[in-house]
Amino acid sequence: METIDQNLTPNDIAFIGLCNEYCKALFNAPNMEKEDFIGQMLKLLPRLYISASDIQTSIYEEPTGGVVEDKMDEALYDSVRNPIAALLGEDDTYLEVFQEDMKYSDTPIGASISEGLADLMQVTYNLVETVKDLPTEMIADALAEVREDFDGYWSQTLCNVMRPLNQLYYNLQS
């Protein structure tokens with residue numbers, strides 16, 4: 001695979017750009033119509049999934065962890081989540097079937113689209129803001145860290161939030 005600066009692949013660069021695009025879309029949510037916002041998410045989320053899963057951590061050293069800084073505080077998180085919740089209204093809540101607790105529950109477990117999208121933004125925003133000041137060789141470490149987190153956590157969040165967005169989008173179309 002061709003590399004850029006001997007450390008980053010073209011996919012790595014594209015993934016960082018896509019993370020930035022995703023963050024901008026969430027920041028812009030209050031200025032969008034509900035259907036347009038949902039449509040945009042349904043275009044961005046699969047691309048994020050594919051691009052994250054294509055990060056080739058095997059070409060990097062073992063992730064050291066701690067490279068990606070927590071740049072998104074609670075106030076910023078809420079400033080993203082709350083307008084999306086308001087935009088989606090009653091459609092923000094959906095029943096989640098892929099929760100570990102669901103196996104032991106007789107009652108449905110509710111989840112929030114806006115919270116899932118904000119959780120994903122926390123990952124992408126932290127990466128984008130962190131890599132701005134990193135030397136190239138450390139960007140590779142940051143990407144390896146994000147890929148490790150993708151495998152263990154946020155890939156499931158991404159998939160879970162796509163299902164209700166898909167249902168909403170096509171219900172609004174009919």
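Visitor: What pattern does the chain follow when read along the sequence?

Guide: Helices (H or I, at least four residues) and strands (E, at least two) are taken as DSSP runs, numbered from the N terminus. Read in that way, the chain follows the pattern α-α-α-β-β-α-α, which comes to 5 helices and 2 strands. The model is a predicted one, in which local features need pLDDT of at least 70 and side-chain atom pairs count only at pLDDT 80 or more, while totals for chains, interfaces and linings use all residues. Residues are numbered from 1 along each chain as its sequence is written, and side-chain values use heavy atoms, with hydrogens and water left out.

Visitor: How is burial defined, and what percentage of the chain do buried residues make up?

Guide: A residue is buried under 20% relative accessible area, exposed over 50%, and partly exposed in between, with a 1.4 Å probe and protein chains only. Buried residues make up 45% of the 174 residues in the chain.

Visitor: Which residues touch the most other members of the largest nonpolar core?

Guide: A nonpolar core is a set of buried Ala, Val, Leu, Ile, Met, Phe, Trp, Tyr and Cys residues joined through side-chain atoms within 4.5 Å. The largest one has 53 residues, of which F15, Y22, M41, L45, L117 and L127 touch the most other members. Each of α1, α2, α3, α4 and α5 supplies at least two residues of this core, and the largest share, 12 residues, comes from α5.

Visitor: With which residues is M41 in contact, leaving aside its neighbours within four places in sequence?

Guide: Contact means heavy atoms within 4.5 Å. On that basis M41 is in contact with Y22, A25, L26, P46, L117 and L165. For the chain as a whole, among contacts between residues at least 6 apart in sequence, 79% join residues at least 24 apart.

Visitor: How does one check the span of helix α3?

Guide: The expected span of a helix is 1.5 Å times one less than its number of residues. Helix α3 (residues 74-88) has 15 residues and should therefore span 21 Å; its end C-alpha atoms are 21 Å apart, in agreement. Just after α3, G89 takes a positive phi of about 60°.

Visitor: Which residues of α3 are buried, and which exposed residues does the face turned away from them carry?

Guide: The buried residues of α3 are L76, Y77, V80, I84, A85 and L88. Seen down the axis of α3, they fall within an arc of 155°, so these residues line one face of the helix. The arc is that of the directions from the helix axis to the C-beta atoms. The face turned away from the buried side carries the exposed residues E74, A75 and A86. As for partners, the buried residues of α3 pack against α1 (10-27), α2 (34-53) and α4 (113-131).

Visitor: How many aromatic pairs does the count come to?

Guide: Rings of Phe, Tyr and Trp (its six-membered ring) pair if their centres lie within 6.5 Å; planes under 30 degrees apart count as stacked, over 60 as edge-to-face and the rest as tilted. The count comes to 4 aromatic pairs. One of them is F27 with Y125, edge-to-face at 6.2 Å centre to centre and 80° between the planes. F27 lies in helix α1 and Y125 in helix α4, so this pair ties together parts that are 98 residues apart in sequence. F27 is partly exposed, at a relative accessible area of 40%, whereas Y125, at 15% relative accessibility, counts as buried. The rings of Y49 and F150 have centres 5.2 Å apart and planes at 65°, so that pair is edge-to-face. It links Y49 in helix α2 with F150 in helix α5, 101 residues apart. Ring pairs also link Y49, F150 and W154 into a cluster.

Visitor: How many disulfides does the count come to?

Guide: A disulfide is a pair of cysteine sulfur atoms within 2.5 Å. The count comes to 0 disulfides. C19 is in no disulfide, the nearest cysteine sulfur being that of C23, 6.8 Å away. C19 is buried, with a relative accessible area of 1%, and C23 is buried as well, with 4%.
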